[in-house]
Amino acid sequence: VQLQASGGGLVQAGGSLRLSCAASGRTAMGWFRQAPGKEREFVASISWDGGRTDLADSVKGRFTISRDSAKNTVYLQMNSLKPEDTAVYYCAASGVTAWESRRIGAYNYWGQGTLVTVSS
């Protein structure tokens, strides 16, 4: 399974970006991020049908995860970006569960990552 994330870039604090990732069938999808010197952390996940979502507390109210089944694409809409959101963002597909999950171990397939840099 090949996952391709796109949409990263440089944005000023308070700005917005939308990340996209080709979805991988009827399975849960997630977004994780890893900042320099830190461990990879959960950002958002969505169930196979888009009916259930979960967001990390640090991004609630600012980020939204969604999926378009017709386009087979998962999106991460990021608004009100902060410098602390700077990280490489990874798209992941479960292949194990159809339901959203915060666990890295629930995801078997990972994209190459896309860099998001938020300047202050």
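**Notes on rings, core and loops**

1. Let me begin with Trp 110, which has a relative accessible area of 26% and is therefore partly exposed. Please keep in mind throughout that this is a predicted model.

2. There are four aromatic pairs in the structure. In one of them, the ring centres of Phe 32 and Phe 42 are 5.8 Å apart and the planes meet at 75 degrees, so this pair is edge-to-face. Phe 32 belongs to strand β4 (residues 29–34) and Phe 42 to strand β5 (residues 41–46), so the pair ties together parts that are 10 residues apart in sequence.

3. Are these two phenylalanines buried or exposed? Phe 32 has 0% relative accessibility and so counts as buried. Phe 42 has 10%, and it counts as buried because the cut-off is under 20%.

4. Phe 32 also pairs with Trp 110: their ring centres are 5.1 Å apart with the planes at 55 degrees, so the pair is tilted. Since Phe 32 is in strand β4 and Trp 110 is in strand β10 (residues 109–110), this pair ties together parts that are 78 residues apart in sequence.

5. Which residues touch the most other members of the largest nonpolar core? This core has 33 residues, and the ones in question are Met 29, Trp 31, Phe 63, Leu 76, Met 78 and Tyr 89. Two or more core residues come from each of β3 (17–22), β4, β5, β7 (63–68), β8 (73–78), β9 (87–93) and β11 (114–119). Strand β9 gives the most, with five residues.

6. Finally, two loop residues to check in your viewer. Most residues other than glycine have a negative phi. Asn 72, in the loop between β7 and β8, has a positive phi near 50 degrees. With a relative accessible area of 38%, Asn 72 is partly exposed. Ser 80, in the loop between β8 and β9, likewise has a positive phi, near 50 degrees. The relative accessible area of Ser 80 is 41%, so Ser 80 is partly exposed.

Methods
Residues numbered from 1 in each chain as written. Predicted model: local features only at pLDDT ≥ 70, side-chain atom pairs only at ≥ 80, totals over all residues. Heavy atoms only, no water. Phe/Tyr/Trp six-rings, centres within 6.5 Å; stacked < 30°, edge-to-face > 60°. Helix = DSSP H or I, 4+ residues; strand = E, 2+ residues; numbered from the N terminus. Buried < 20%, exposed > 50% of the residue type's maximum accessible area, 1.4 Å probe, protein only. Core = buried A, V, L, I, M, F, W, Y, C linked by side-chain atoms within 4.5 Å.
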